[in-house]
Each structure stands twice: as structure tokens, then as C-alpha cells.
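Please look through the sequence and the structure shown here. A short report follows.

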Amino acid sequence: MSGPLEGLRILDFTTLLPGPYATMLLADMGAEVLRIEAPDRMDLTRVMPPHDDGVSTAHTYLNRGKASVALDLKQPESIEFVKRLVVDYDIVIEQFRPGVMQRLGLDEDALRSINPALIYCAITGYGQTGPYKHRAGHDINYLSLAGVSSHCGRKETGPPPMGIQVADVAGGSHHAVMGILAAVVHRQRTGDGQCVDVSMTDAAFALNAMTGAAHLAGGESPGPERSLLNGGSFYDYYETADGRWLSVGSLEPQFMTRLCDVLGLEEMKSFGLSQNPAHQKKLKQALAKAIVQRNLADWEGIFAEQDACVEPVLTLEEAAAHPQIQARHMVINVPRETGGAQRQIGHPIKFSQTPCEASHTGRQLGADNESVLRRLKTE
């Protein structure tokens, strides 16, 4: 069986994380992705450690299922090569600062004059318009300007540096995939291509969700440990006797009742539903005092049969081995070019009729130059 996006052809000019993650998702879903890479300016994800079988694990994961062509876009013949390619492609996705593709002669207008049905997606930090459109940035900057960092973390220590790239992936990658697929549906209806302008800062601002709604329409000013879900209530992490952590999310009355019964805190049940900060503080103190009495493994056993929204904070190693992650096939073996297979994170969307597939790990730079050239000559 083929993936749900079989037949879609994508030219990928992106590097590092946001664009490659987006096109990896699309490739898993069956799209044909051809990466256009510079031969003289190495994508850092190709060389960053750690390495497996001599190749960066970041590259082999982010660029799995894709073909690679090495082109020096400063050369006129490379530009002409791309223009010949784009005739038969559905989507172009790029991650340069605004104006770079125009200077190369490969901007939306130039490419859509060749292929009017083309969908052109640009992922940038701040978008194609606005005073910051040419400004450099990284994930931490986009989260900061979007207001997200201001209401995360603790009052005493400030916003935390995240262990994952929220603005890059949840912002840039996922919104690019959504935008591209929406444009594909529009093209199926009208025959017209269009530009999809994805700003990682816009997307991060949109991720404020409930907090943003409470501020814009309700006048609330969010801050760390002020709300129900950011440490301002018992909904939090609690240290165990062995220095591990337990997450407690028992928000609904039935879960709070079960939590308090298990911990012997029956007198605290009403505090869990209270909006009074003093009640929440007392409940948090009581939970912390109770949970620190046992090791994490003890609590795992105790709550295993309790439907109370209480779960251990697992290491990545433990998460990968967890029976739920395993049952959902979120750890898969992807064939290497050199033989054998590499363990990677699986595709998170499960299709009943057209399952996703990772055909191979990321390929060597320019591995498909000859095959793509041969195909151009025959088309």
C-alpha cells in the first residue's frame, strides 16, 4: 500500500530543522521529495554528532525517504536545471530569508510563471512581511517574541530553555505541512497554486491558545505559575524519594477524588476544585510531602491500575521502551543505504488504508544527481 500523498512531488530547498522535519513528514506520507542542497555549504545536520555508521543521526532521521541533488544555485546552469525540474513538481518549499530566492530568480512569481499550479511554501522566522522579516533568529527568540516564554517556567528562575524546539517544529514544520495540504485541496478544486507564508513567530504566537484567548478577550495578564496549567495549581510535577518526578494532572473531580484516596489526603479533595490560590498552595504542599515518601517505581506500581491522570516522568530511553509507545509503532527500523537498519522515531499519524512508511535513511549529498538528470532527459 502507498501513502496518502502518493503522486505529490516536492522540491525541498530547506536545511537544519523546520523545513526538513516538514518534508520528512510529507515523505513518510508518500510524497516524492527531492532535496536541493549546496555542494559547498554543508547542512549542519549532516555533520552534527552523534553519528551512527559514520553519518549524523540528525541527518539520517530528518531526511529519510528523500532524494538528494547537489546544485550550486550561484551558477546559471543550476538555476536553469531547477526551472526545468519545477515543470513537473507540485510544491516548492524553502527556508531562506525573504528576498534570497528572488535574487536567485527562483521566487514564487518566477516559478509559477513556469508552473501556474505550483504551491510555493516559505518558512521563515518572522514571515515575508513586517519590520522583522529580514531579522535572524532561533527557536528561543521566536518563543520569546511570541509571548510564550513569559508565562512558562517558575517565578524564581524564569522561563526554561526547552528540551525540544517548539517554535521550529510545532510552529514551522507542522504549520507548513497544514498550509501545504490545505493549498493542495484548494488546487484540486480550482486548479490554482498559491504561496504559503509560514512564520515561526506567528505559529508560536498562535500556540498561546487558551492563554492568548484569556488575555485578548478576557484582559488577563499571564505569567509563570499564575494559571491552572502552568504551575499556578496542583497540576504540576512532584519529586519522588529517589530524585525522579511524577506528573499529576488530576483536574476533573473523579480524578482528584481518586488521587486523594490513594495518597490518604481525603480532606484535600475540595481544594483541588478551588480557585483560591491559598487552597492550591496547601494542596501542592500536601502532594509534595506525600509523593516524596516513595520511589518512582513504587508510584508507578500504585497508579498503574488507577485512572487518576498520574504518570511518571520518563527518560527518552524509558519512553522509547514503554509498551504504549511500542504498541503504537513509534520506534521503527529504517533501512540504511549501507545496509542494515537504524532505529528512528515513527510517524505519529496512523492511516487505516494508506499507512506511512520510511523507505530509507537520509542519503548522501548529491546521491541522486545522475538519476534525476536522466529522468529530465526522458521527460
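## Around helix α10

The model is predicted: local features need pLDDT of at least 70, side-chain atom pairs count only at pLDDT 80 or more, and totals for chains, interfaces and linings use all residues. Residues are numbered from 1 along each chain as its sequence is written, and side-chain values use heavy atoms, with hydrogens and water left out.

Helices (H or I, at least four residues) and strands (E, at least two) are DSSP runs, numbered from the N terminus. Helix α10 covers residues 253-263. Its buried residues are Phe255, Met256, Leu259, Cys260 and Leu263. Buried means under 20% relative accessible area, exposed means over 50%, and partly exposed lies in between (1.4 Å probe, protein chains only). These residues cover an arc of only 130° around the axis, so they sit on the same side of α10. The arc is that of the directions from the helix axis to the C-beta atoms. The buried residues of α10 pack against β10, α11, α12 and β11. Contact here means heavy atoms within 4.5 Å.

Ser250 lies in the loop between β10 and α10. Ser250 counts as buried, at 0% relative accessibility. A polar atom of the Ser250 side chain lies 2.7 Å from the backbone oxygen of Ala308. A polar contact is a pair of N or O atoms within 3.5 Å; within protein, one must be able to donate a hydrogen and the other to accept it, and residues adjacent in sequence count only if both atoms are side-chain atoms. Leaving aside neighbours within four places in sequence, Ser250 touches residues including Phe255, Met256 and Leu259. Cys309 and Val310 are also among its contacts.

## The cysteines

How many disulfides does a search of the whole structure find? It finds 0. A disulfide is counted as a pair of cysteine sulfur atoms within 2.5 Å. Cys260 is buried, at 0% relative accessibility. Cys309 is partly exposed, with a relative accessible area of 34%.

## The two sheets

Two strands pair if DSSP finds at least two bridges between them. Axes are lines fitted to C-alpha atoms, for helices over the stretch in contact, and angles run from 0 to 180 degrees between N-to-C directions.

β9 pairs with β10 over 4 bridges. Tyr238 stands opposite Leu246 in β10.

Another open sheet has 6 strands in the order β5-β2-β1-β6-β7-β8, with parallel pairing. Its edges are β5 (67-70) and β8 (195-199). The twist averages 20° from one strand to the next. β7 and β8 pair over 5 bridges. Ala122 stands opposite Asp197 in β8. Helix α15 (residues 369-378) lies across β1, β2 and β5, at about 90° to β5.
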